[in-house]
Amino acid sequence: MSLDTAVIMVLEILNSITILVLLALGLALIFGMMRIVNLAQGEFFTVGAFTVLASTRYAHLPLWLGMLLAPLVVAGLGIAIERAIIRRLYGRPLDVMLATWGVSLLLIGLITVTFGAVTQGIPFALGNFSVGRYQYPEYRIVMTTVAAGLMLSVYLLFRYTAFGRRARATIANPDMASAAGINTPRMFMLTFGLGAGLAGAAGAIMAPIVGVVPTMGVLYIARAFITVVVGGPIVLLGTLSSASALGLIEALISRFPLFTIATAGHCTPPPCEISIGGSAFFGQIALLIFAILLLRLLPQGISGFWRQRQ
Amino acid sequence: MRRVSSAELLSALVLLLPLLAVPWAFKPYTANVLAVYMIYGLLAMSLGLIWGGAGIMSFGQTAFFGIGAYAYGAIGLNLINRTQQTHTALLGGLAAAALLAAIVGYFMFYGRISDVYASIITMALTLVLFAFAVSTGGDEWVIGVARLGGFNGMFGQGESSQNIANFQIPPVTLWLPGMTEPFAFKINRESAAGYYLVLGVSVAVYVLTRALVRSRLGRVAVAIRENEPRVASLGYDTRFYKFALFTIAGAIAGLAGMLFAAWGRFVNPDRFGLAFAASTVVYVQLGGRASLLGGFVGAAIIGHLTSYLAEVVPFATIPPDAGPWITFLMEAGRRIVREAPLLVQGAVLVGVVLVLKDGVTPPLFRVLARHRRWGWWLLLPAVLVYFGHRVACQQADLCVF
């Protein structure tokens, strides 16, 4: 393998990891801190993307302004949903799952009613840079930078601010935190809003490189959940490590064909064969199989395994 | 408790009698629609079995449904012209669904994954199978003569005199020893055999599943649902009981899928899609997971509601001289109706969770068990009046509501 191929390969692995981190960060925050499974997270992602679409196409704002607006809009939506529905269901994890799934279906329906079911693109101005014989999109580097920035800010927020300390206290022991004068319902609400806002940011950042369509969240939600489940209880490090492991597998299998199976179809031109590996779809299959095998070995996820070892 | 479940059995009988008469009383269309409601009900019952029985929420019950349908289709298409029957296809579809459920169940329950993770894994399984089924559109994706066909769904491919001809998935066809010719279960003007097949299978599986719930397996599963650590400390291998129940439920879902493929003579990736997975959960949630009948009730209610909504709002063309507000309202109404299934499902999920925790059947059965005298005297005439009205409406156009 020549040097430029290797560099491209590394960049593609980095891109897979970036996408998984972007998708899973908000979800991991909500799941890890509040222990609730939010199935509407994929639609928060979609709403973020549609905020960018609406603000650039219909309100004619610049792209960067739309991208800044998206997390705020989605965080507001998340807080509204927490106040209206999820607040009534704390302590009933299965019911939270069902209710947020209902919210997810309602949001898909409402977005389709408003914007139609067609896929729309968002134009942007960045080009490619060249690595030896290959061209690579500059925007992907921007995405990786933003993902790293988001992770760092979440870390700083929870580690060094008064809000972060109160939130962690609330998560560790809600009753004690409440007795110490922390407004715990407000903490839950803000944490949920923050998780929603992160999904909105992910949707906004990825909107220009994927087609914007009401069902786009569904395509990503499964991968986001798998990343969170494999990551385990430690929010940031768990997400980063599982995104790295899964992203590596996904990028490798997507890139390299493993073997081919000949079939009896009527192909033009004639040799009819299925290539296993070497497409984005097989990357996703490999990701799922790898995750299931990993969970058989480490039921608490990667970071749960570290915690046990300590 | 005993009384509540006998109320359930009696209501099942009250519902069964009119269902037996449907092919005589109605046009084939009604039998066709009711058959598919029953197929969905069977799928929902399999979800109710593990959800209500063992407290395992599987978002991916439709994965086993779809696998059963695809396997039945693939084997049936390959063998129907050679053997004239679908015995192997039926066995193969059932085996495929049970095998997939067993593999997934093994990894989930023997890995001691928590219940929430199990829900996520089953959901991911369905979505990945959807992505797989969609990506099989190319000419190279064939099993023998069966084309997987991507979004277009599964068809058989044969050589006719001029070019390549397509043929459909066969209906359930039996050719047992002693029969002079094969018998196909179809639903059309001449025959209602397909309808009775679905009804018969539904009743049989319902009765068997009831027995299963009352057996040792079912009772241990309920104990696991209530307090798993305690059951484990009493010496039961909880992993095995969950695994066994999950596999059985997967096989029932696969059976429903085979009936579906044989009913429509068609299967496409939508069976793995999110909307179908959601609707299955909605049926159980609305009908009530405490009773095996709940899935059937939920499927019938939602099915009626969505088709009613589609009929009520007219798809009239917008008149050219209409004002901007009228145009806007009509366009909005049209779009809402087009998305009605999703909106109804979403609203039902949120509404039932917040308001009606256990669904509609448990309160109904409780009332019937407590007030036996007048409860039945109200229910029986209500069923008869509704049934009679539907007959009069369809056969003689005497519609009151």
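The accessible surface of chain B comes to about 18800 Å², and 67% of that area belongs to carbon and sulfur atoms. Accessible areas here come from the Shrake-Rupley method with a 1.4 Å probe, and for residues only the protein chains shown count as cover. This is a predicted model, in which local features need pLDDT of at least 70 and side-chain atom pairs count only at pLDDT 80 or more, while totals for chains, interfaces and linings use all residues. Residues are numbered from 1 along each chain as its sequence is written, chains are lettered from A and ligands numbered from 1 in the order in which they are written, and side-chain values use heavy atoms, with hydrogens and water left out.

**Chain B as a whole**

- Chain B contains 15 helices and 6 strands; helices (H or I, at least four residues) and strands (E, at least two) are DSSP runs, numbered from the N terminus.
- Its radius of gyration is 23 Å, close to the 21 Å that the globule rule gives for 401 residues, so chain B is as compact as a globular protein of that length. The radius is taken over C-alpha atoms, and the globule rule is 2.2 Å times the number of residues to the power 0.38.
- The C-alpha trace of chain B spans about 70 × 55 × 55 Å along its principal axes.
- Of the 401 residues of chain B, 50% count as buried. Buried means under 20% relative accessible area, exposed means over 50%, and partly exposed lies in between (1.4 Å probe, protein chains only).
- Among contacts in chain B between residues at least 6 apart in sequence, 72% join residues at least 24 apart; a contact means heavy atoms within 4.5 Å.
- Chain B has 28 positive and 17 negative charges, and their mean positions are 14 Å apart. Lys and Arg count as positive and Asp and Glu as negative, with His and the chain ends not counted; the place of a charge is NZ of Lys, CZ of Arg, CG of Asp or CD of Glu.

**Chain A as a whole**

- Chain A has 12 helices and 4 strands.
- A compact globule of 310 residues would have a radius of gyration near 19 Å, and the 21 Å of chain A agrees with this.
- Along its principal axes, the C-alpha trace of chain A spans about 70 × 55 × 40 Å.
- In chain A, 54% of the 310 residues count as buried.
- Of the contacts in chain A with a separation of 6 or more, 73% are between residues 24 or more positions apart.
- The accessible surface of chain A is about 13400 Å², with 67% belonging to carbon and sulfur atoms.
- The 18 positive and 9 negative charges of chain A have mean positions 12 Å apart.

**Nonpolar cores**

- The largest nonpolar core has 211 residues, and those with the most contacts inside it are A:F44, A:W101, A:M206, B:L42, B:F59, B:M154 and B:V281. A nonpolar core is a set of buried Ala, Val, Leu, Ile, Met, Phe, Trp, Tyr and Cys residues joined through side-chain atoms within 4.5 Å.
- Leaving aside neighbours within four places in sequence, B:M154 is in contact with residues including B:Y70, B:L77, B:I169 and B:F266.

**Residues in helices of chain A**

- A:Y139 is in helix α5 (residues 138-160) and is buried, at 7% relative accessible area.
- Beyond four places in sequence, A:Y139 is in contact with A:M67, A:F124, A:L126, A:I205, A:P208 and A:I209. A:Y139 and A:I205 are 66 residues apart in sequence and 9.6 Å apart in space, C-alpha to C-alpha.
- A:E138, also found in helix α5, is partly exposed, with a relative accessible area of 31%.
- A:T227 lies in helix α9 (residues 216-231) and is buried, with a relative accessible area of 0%.

**Positive phi in loops**

- A:R35 is not a glycine, yet has a positive phi of about 55°. A:R35 is in the loop between α1 (3-34) and α2 (41-58) of chain A and is partly exposed, at 46% relative accessible area.
- B:Q84, in the loop between α3 (61-83) and α4 (87-110) of chain B, has a positive phi near 65°. At 35% relative accessibility, B:Q84 counts as partly exposed.
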